[in-house]
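Look at the sequence and the model together. We will walk through them in short steps.

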Amino acid sequence: MPQPKGPTTPTNLQILRWVFSPMPYMEECVKNHGDIFTLKLNPNLPPIVFVHTPEAMQEVLNNDTKELEAPGDLNEPFKYLLGNNSMILLSGAQHQRQRQLIMPPLHGERMRNYADVINDITEKVINKQPLNQTFNVRTVSQDITLRVMMQAVFGLYEGERAEKLQQTLCEILETGSQVWRVALLYFPGLQNVIGISQLWKKQQQRQNQADQLIYAEIQERRENPDPSRTDILSLLMAARDEAGEPMSDVELRDELMTLLVAGHETTATAIAWALYWIHKLPEVRQKLLAELDSLGENPDSSAIFKSPYLTAVCNETLRIYPVGMLTLPRRVKTPISLCGYDLEPGTVIYGSIYLTHHREDIYPNPKQFNPERFIEKQFSPYQFIPFGAGARRCIGLAFAQFEMKLALAKILQGWEMELADTREVKPKRRGLVTGQDKPIQMIYLGRRQQQSRTLETITV
Ligand code: HEM
C-alpha cells in the first residue's frame with residue numbers, strides 16, 4: 001500500500017530541522033509533497049503523517065470515531081511537567097469527564113465574571129512600567145495572563161504563595177521553551193551531557209518548588225473548606241467519581257498545573273503578537289482605537305467582546321502565527337483513506353494549523369497581516385482553526401479570546417506606546433508554542449486621554 005511521501009534525509013537530520021525550524025520545514029514539505037506528507041521523527045517508530053487541507057482537518061479532528069482516536073498516551077512529552085493525571089494525558093471517558101468538570105468556569109456567565117479581574121490586573125501591570133523606557137512585551141503579557149489564570153484556578157493572585165508560584169512557573173516555562181529542552185524530547189541521551197544535565201536538574205528543582213506550593217494550597221483548602229468559593233480548585237475538590245471518591249492531591253496538582261501552563265503561556269504569546277501588529281501597522285491601530293472609543297469610557301465587557309474590528313485583529317493574529325502550530329496528535333484505529341492514501345491502524349497524524357492558515361487558496365497573500373479578511377469573509381471552523389477541534393479542542397478557547405480582547409482594549413484605550421524597534425519579528429519555536437524570534441520591545445509614552453475620539457498623550 002503506498003504511503004504518503006516525505007523527506008528522504010536521515011532521521012536525525014529531519015529531527016534537527018523539526019526542532020530548530022518547524023515552520024519553514026513544513027512549508028518545504030508542502031512544496032515537495034503536497035497536501036499530505038510524512039516526517040520521520042523517531043528512528044524506532046513509523047513516520048508521522050501531517051495534513052492541513054480543511055477537509056482532512058475535519059476528517060481527522062472531527063471527534064473520537066471508530067476510525068480515529070485522540071489518545072492521551074501520545075501526549076507523553078507533556079508528562080514531565082503536567083504529570084500522569086493531566087487531562088492532556090487522559091483518554092476516553094476519563095478525559096471527557098475531566099473536561100466537563102473544568103469547562104463551566106471557562107465559559108458563559110462564570111467567565112464574564114472575570115472581566116473586572118482582567119481589567120484590574122492589566123491596569124496594575126501596565127502602570128508598573130516606567131515612563132519613556134523600553135519594556136519586553138511578552139514579559140508584561142505573561143504577567144497579566146499568569147495572574148488571571150491564578151485567579152481562575154485558585155481564586156487568588158496576590159499574597160506570598162501566589163507571588164512565589166507565579167515566579168517559579170515563569171522560570172519553568174522560560175527554561176522549558178528553550179531549544180535544548182525540545183531537543184531533549186527527541187534525543188533523550190542529551191540528558192547525560194554535562195551542562196544539559198545541570199540545566200535539567202535545576203528545572204526539576206523548580207518543578208518541585210512549584211509542586212510544594214500547589215500542595216500547600218490544596219492542604220490549606222482541605223483544612224478550611226469554603227463552599228462559597230467558585231474557583232476551579234474548589235470545583236475539582238468537590239467533584240466525586242462514579243465510586244464516590246474525590247480526586248487525590250496528585251490528581252488535583254496535575255490538573256491545576258495543566259491549566260496554569262496551557263492557559264497562560266499561549267494567551268500571553270497571542271497578546272504579545274497582537275500588540276506587535278497593532279503598533280507595527282498604524283492604520284490598524286487607528287481603526288481599532290476609533291472602534292473602541294466609539295464604545296465610550298469604561299465600555300461593557302460584552303460590547304468589547306463583540307467589537308467586529310477587534311475580533312478581526314485577534315483572529316488575524318491567531319491566523320498568521322498560530323500559537324499552537326499543530327493540533328495534538330490523533331491515531332488511526334481502523335484503516336482510513338485520507339488525501340488519496342490508505343492509512344494503517346496505528347498511524348499517528350498531526351493537523352498542521354500553521355499550514356492551514358497559510359494556504360493561498362483560503363487566505364490570499366497569507367504572509368500579510370490583514371484583519372479585513374475576517375470582516376469580508378466568514379471562514380469555516382476547519383479553515384480557521386487556532387484552537388483545534390473535536391475531542392481535544394482547546395477548553396480555554398472562549399476564555400483566551402475574552403481575556404485577549406479585554407486586555408488589548410484596556411491597554412490601547414489607556415496608554416500610548418510604540419515599538420522600540422520596528423524591524424520585523426518572525427515566528428520561532430518556543431518550546432511547544434510559536435513565539436517570537438526576538439523580544440518585542442516597546443516604549444511606554446504615558447496615559448492616553450480618550451476624549452471625543454481624539455488621541456492625546458499626557459505624561460504621568
Ligand atoms: C490563545 C490562546 C490559546 C491557544 C491558541 C490554544 C490552542 C490550543 C490547541 C491548538 C489545542 C489542541 C487542540 C486539538 O488538538 O484539537 C489546545 C488544547 C488545550 N488547551 Fe488551549 N489554547 C489557548 C489557550 C488556552 C487556555 C486559556 C486554556 C485554559 C484555561 C487552555 C487549555 C487547554 C487544554 C487543557 C488543552 C487540552 C485539551 C484536551 O486534552 O482535551 N488553552 N489549545
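Which residues in α8 meet which residues in α19? From α8 come Ile-144, Thr-145, Val-148, Met-149 and Ala-152, and they meet Phe-399, Glu-403 and Ile-411 in α19. By class, this contact of α8 with α19 has six nonpolar, one polar and one charged residues. Contact here means heavy atoms within 4.5 Å. Ala, Val, Leu, Ile, Met, Phe, Trp, Tyr, Cys and Pro count as nonpolar, Asp, Glu, Lys and Arg as charged, and the others, Gly among them, as polar.

A word on the ground rules. This is a predicted model, in which local features need pLDDT of at least 70 and side-chain atom pairs count only at pLDDT 80 or more, while totals for chains, interfaces and linings use all residues. Residues are numbered from 1 along each chain as its sequence is written, and side-chain values use heavy atoms, with hydrogens and water left out. Helices (H or I, at least four residues) and strands (E, at least two) are DSSP runs, numbered from the N terminus.

Now back to the helix pair. Two packed helices are described by the angle between their axes and the distance between the axes. Helix α8 covers residues 137-154, and helix α19 covers residues 397-414. Their axes come within 12 Å and cross at roughly 130 degrees. Axes are lines fitted to C-alpha atoms, for helices over the stretch in contact, and angles run from 0 to 180 degrees between N-to-C directions. α8 and α19 are therefore oblique to each other. Angles under 35 degrees count as roughly parallel, over 145 as roughly antiparallel, 65 to 115 as roughly perpendicular and the rest as oblique. The crossing of α8 and α19 is right-handed. A crossing gets that name if the near helix is turned clockwise from the far one by less than a right angle, and left-handed if anticlockwise.

α14 and α19 pack at an angle of about 95 degrees, and their axes are 10 Å apart. They are therefore roughly perpendicular to each other. On the α14 side, Leu-288, Leu-289, Leu-292 and Asp-293 take part. They meet Ala-409, Leu-412 and Gln-413 in α19. Five nonpolar, one polar and one charged residues make up the contact of α14 with α19.

α14 (residues 282-293) also packs with α13 (residues 249-280). Their axes come within 5 Å and cross at roughly 105 degrees. That makes α13 roughly perpendicular to α14. Ile-278, His-279 and Lys-280 in α13 meet Pro-282, Val-284, Arg-285 and Leu-288 in α14. This contact of α13 with α14 divides into four nonpolar, one polar and two charged residues.

Which protein residue gives a donor to the iron atom of the ligand? The single donor from the protein is Cys-394, through SG, 2.3 Å away. Donors are N, O and S atoms within 2.8 Å of the metal (3.2 Å for Na, K and Ca); water is not among the atoms, so sites may look incomplete. Cys-394 sits in the loop between α18 (372-376) and α19.

Return to α8 and pick out Arg-147, which lies in this helix. Is Arg-147 buried or exposed? At 13% relative accessibility, Arg-147 counts as buried. Buried means under 20% relative accessible area, exposed over 50%, partly exposed in between (1.4 Å probe, protein chains only). Neighbours within four places in sequence aside, Arg-147 is in contact with Ile-121, Val-125, Lys-128, Tyr-157, Glu-163 and Gln-166.

Lys-124, in helix α7 (residues 115-127), counts as partly exposed at 44% relative accessibility. Leaving aside neighbours within four places in sequence, Lys-124 is in contact with Tyr-157 and Glu-158. Lys-124 and Tyr-444 are 320 residues apart in sequence and 14 Å apart in space, C-alpha to C-alpha. Now compare another pair.

Finish with the backbone. Most residues other than glycine have a negative phi. Asn-298 has a positive phi of about 45 degrees although it is not a glycine. Asn-298 lies in the loop between α14 and α15.
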